[in-house]
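Colleague: I'm new to this one. Could you walk me through it and tell me what stands behind each label you use?

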Amino acid sequence: MRNRNRPGNPERRGNSIIPPWFSQDSRRGRDPDDPDESFLLMRIMHVALGGCLSAPPVPYGLTEDTGGHIAYILGAAAAQGRRPEIEAVEIVTRRFDDPALGARYAEPSERVSDKVRIGRLSTGNGAYLEKDALEAELPALTEAFLRHIADGPRPDVLHAHFAD
């Protein structure tokens, strides 16, 4: 049975509600008329530029910016990754190379779970920056982020943390 909702209204599939802004390319080849395919798969992207964001175990307190917000982001991403209608969750953060903080932050990506990964954006500045110093890095981060979006699968949902 085809969706008979008017444009702009959510579509219902089993226990899932599909919002009207959900991208058609997210259907990933699924047949919308097949009752065995009762939901669409969604990609979620979190953007969190501050702190030493890594897969658990996280060294909380390693820097002043490595604390509760990182726990929140990782917890939200893990919960989303456990949902059947989620295909992938990516946490995008800043890549840096500081031997005192550990080599893992210089890696371009890190797996958190089957559906959750951390992607790190490279700019011309490889030093660790506290969140208050990130403003000067915004033009380079914007370019790196736009390249990242253009090169990879587009997210259906984008959630920016500390977007001030």
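This is a predicted model: local features need pLDDT of at least 70, side-chain atom pairs count only at pLDDT 80 or more; totals for chains, interfaces and linings use all residues.

Colleague: Where is Ser122 found?

Modeller: Ser122 sits in the loop between β6 (116–121) and α2 (138–151). Leaving aside neighbours within four places in sequence, Ser122 is in contact with Arg95, Ala144 and Arg147. The C-alpha atoms of Ser122 and Pro108 are separated by 7.8 Å, and these two are 14 residues apart along the chain.

Colleague: What makes the pairing of Ser122 with Arg95 a polar contact?

Modeller: Their side chains come to 3.1 Å, and the cut-off for such a pair of N or O atoms is within 3.5 Å. So that pair gets the label polar contact.

Colleague: And how do you know that Arg43 forms a salt bridge with Glu87?

Modeller: The closest N and O atoms of Arg43 and Glu87 are 3.1 Å apart. A salt bridge asks for a side-chain nitrogen of Lys or Arg within 4 Å of a carboxyl oxygen of Asp or Glu, so the pair qualifies.

Colleague: Why is Arg43 called buried, and Glu87 partly exposed?

Modeller: Arg43 has a relative accessible area of 17%, and buried means under 20%. Glu87 has 27%, which falls between the 20% and 50% limits.

Colleague: What links Arg120 and Glu110?

Modeller: Their side chains meet in a salt bridge, at 2.6 Å from N to O. Arg120 is in strand β6 and Glu110 in strand β5 (residues 109–111), 10 residues apart, and the pair links distant parts of the chain. Arg120 counts as buried at 6% relative accessibility, and Glu110 counts as buried at 14%. Arg120 and Glu110 also join Arg104 in a network of salt bridges.

Colleague: Asp114 and Arg111 form a salt bridge too. Are those two buried or exposed?

Modeller: Both Asp114 and Arg111 are exposed. Their closest N and O atoms are 2.4 Å apart, which meets the 4 Å limit. A search of the whole structure finds 7 salt bridges.

Colleague: What makes you call β3 mostly covered?

Modeller: In β3, 6 of its 6 residues are buried. Met42, Ile44 and His46 lie on one side, with Arg43, Met45 and Val47 on the other, and both faces are covered. In a regular strand the side chains alternate between the two faces of the sheet.

Colleague: How do you know that β3 pairs with β4?

Modeller: DSSP needs at least two bridges for a pairing, and 6 bridges join β3 to β4, which run parallel. The chain crosses from β3 through helix α1 (residues 68–81) to β4, and this β-α-β crossover is right-handed. As for facing residues, Ile44 stands opposite Val89 in β4.

Colleague: How many bridges join β3 to strand β7?

Modeller: There are 4 bridges between β3 and strand β7 (residues 157–160), and these two run parallel. With at least two needed, β3 and β7 pair as well. There, Met45 stands opposite Leu158 in β7.

Technical notes. Residues are numbered from 1 along each chain as its sequence is written. Side-chain values use heavy atoms; hydrogens and water are left out. Contact means heavy atoms within 4.5 Å. A polar contact is a pair of N or O atoms within 3.5 Å; within protein, one must be able to donate a hydrogen and the other to accept it, and residues adjacent in sequence count only if both atoms are side-chain atoms. Buried means under 20% relative accessible area, exposed over 50%, partly exposed in between (1.4 Å probe, protein chains only). A crossover is right-handed if, with the strands pointing away from the viewer, the path from the first strand over the helix to the second runs clockwise.
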